[in-house]
Amino acid sequence: MANPVIRVMEKENENAAISFGQTATLSGSIKKSIGLVVLTIISAAVSANFLADTSLAIVGIGAGFIGGLILALVTCFKPSISEYTSPGYAIFEGMALGIISMQFEHLYFGISAIAVGITFAVMISMLVLWKTGVITVTEKVRSAIISMTAAIAIFYFASFIASFFGADFMPRTGILGIVVSLIISAVAAFNLLLDFDNIEKAVTNGMPKYMEYFTAFGLLITLVWLYIEILRLVAMVASMFQDD
């Protein structure tokens, strides 16, 4: 599940020197990031309350992920319109996440709140590690994170294709499932470092104003991925205790 924003950032960085007009600011990027996260949470809350327990639940999940994917692709091909597409992405992803979270809630009460809490705790921890210089995003670090993310993306794709033939490469229960989910969650967490670094680069390199929305969109993609993996991880741990 490689974040496509990373590749686009490299191209936008090359064009930054010839950009004109207003440029991205740190305060603007932070506001956009918070706004997209809040919009996602609101969409998730609405869909959880009005769609999760209805016959439209499956349709809502499909529409959410497909709509989000389409808008994500459009945003990456045309970053200059991210001001309009990224809020739509937040709404669609929020709809899917809200319904899925409620389904997990029916199995393990309170699991969504735990997953949300852990997700934001991880984000804050990675931000502190990055900001204090404990972890510096060098080119080697960036390449390593991108390579690990690409490997996971291939793993996801292979598992998806295998599912059509009755096979499943993704362990979903037991110790192995927990270990695999922990590894994927860790890689997702390290992707946050790239998102923070992208925001800083957009500001320091004088990239166009729309990059505030685009980098915020990239951060949201990672947070959505991280939340889904943490939700799966917490569910597997809860399942083990429930079985005991």
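Is Phe196 buried or exposed? Phe196 counts as buried, at 7% relative accessibility (buried is under 20% relative accessible area, exposed over 50%, partly exposed in between, with a 1.4 Å probe and protein chains only).

1. The model is predicted: local features need pLDDT of at least 70, side-chain atom pairs count only at pLDDT 80 or more, and totals for chains, interfaces and linings use all residues. Residues are numbered from 1 along each chain as its sequence is written, and side-chain values use heavy atoms, with hydrogens and water left out.

2. The largest nonpolar core holds 55 residues, and Phe196 is among those with the most contacts inside it, as are Tyr89, Leu192 and Phe217. Such a core is a set of buried Ala, Val, Leu, Ile, Met, Phe, Trp, Tyr and Cys residues joined through side-chain atoms within 4.5 Å. Helix H8 gives the largest share, 16 residues (helices are DSSP runs of H or I, at least four residues, numbered from the N terminus).

3. Trp130 and Phe196 form a tilted aromatic pair, 5.8 Å centre to centre with 40° between the planes (ring centres within 6.5 Å; under 30 degrees is stacked, over 60 edge-to-face, the rest tilted; for Trp the six-membered ring is used). Trp130 lies in helix H5 and Phe196 in helix H7, so the pair ties together parts 66 residues apart in sequence. Trp130 is buried, at 15% relative accessible area.

4. Gln242, in helix H8, is exposed at 54% relative accessible area. Leaving aside neighbours within four places in sequence, Gln242 is in contact (heavy atoms within 4.5 Å) with Leu107 and Tyr108.

Notes
Helices (H or I, at least four residues) and strands (E, at least two) are DSSP runs, numbered from the N terminus.
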